[in-house]
Amino acid sequence: MQLLHLDSSVLGADSVSRQLSMEIVARLRTLYPGIRVVSHDLAANPVAHLSGAHMAVRNGVVSEDPALNADLVKGDSYLEELIACDILVLGVPMYNFSIPTSLKAWIDRVAVAGKTFRYTEAGPEGLLQGKRAFIASARGSVYPPDSMFAANDHQESYLTALLRFLGIEDIEIVRAEGIAFGPEARAAAVTQALASIAAIAA
């Protein structure tokens, strides 16, 4: 069994999403002894955002740019890791109602027609069925589903839509929100999230 663990926060040791994603991985190691973990810090070692040159290579143009070719290899390895994994763990803070651009760059390398999804006469079909995903979500404010602020959530809503598009239906969100409301609110949100992680079952 293989687990793919990605962090995207730029805050390093001060990151709540990193703390939660690491705890999720630790919990899964306990539940699945011997699981192989592949980890990437997308903030510290990002893949480049897609460019016209990237798309040209996808369409058959031969690149003689060493930097571009190295980045293409990195992007291909991300795709292969996602296809190979059984469990995906994403550490994702909300930045300006959405996700970090480093994670979006990763998504643009792995959401590839013919690899992780395909178009059929009945519409798009995800090719990653059977995988399990965990989203370690950290948000400064709160976005209750029945509130006027729910429409501002382009973090969790985007990620769940994207994962389902790729065929991953087993998605669990571990959330710490309201962490910008002060030290006590942050501590309470983290404590609640850690309790949720402790309850994760195989």
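1. The model is predicted: local features require pLDDT of at least 70, side-chain atom pairs count only at pLDDT 80 or more, and totals for chains, interfaces and linings use all residues. Residues are numbered from 1 along each chain as its sequence is written, and side-chain values use heavy atoms, with hydrogens and water left out.

2. Strand 1 spans residues 2–7; strands (E, at least two residues) and helices (H or I, at least four) are DSSP runs numbered from the N terminus. Six of the six residues of strand 1 are buried, that is, under 20% relative accessible area with a 1.4 Å probe, protein chains only. In a regular strand the side chains alternate between the two faces of the sheet. Here Q2, L4 and L6 lie on one side and L3, H5 and D7 on the other, and both faces are covered.

3. Strand 1 runs parallel to strand 2 (residues 36–41), joined by six bridges; strands pair if DSSP finds at least two bridges between them. Within strand 2, V37 is the bridge partner of L3. The chain passes from strand 1 through helix 1 (residues 16–31) to strand 2 in a right-handed β-α-β crossover, meaning that the path over the helix runs clockwise with the strands pointing away from the viewer.

4. Strand 3 (residues 87–93) is also parallel to strand 1, with five bridges, and its I87 stands opposite L3.

5. The open sheet has five strands in the order 2-1-3-6-7, with parallel pairing. Strand 2 and strand 7 (170–177) each have a single partner strand, so one side of each lacks a neighbour in the sheet.

How values were computed
Buried < 20%, exposed > 50% of the residue type's maximum accessible area, 1.4 Å probe, protein only.
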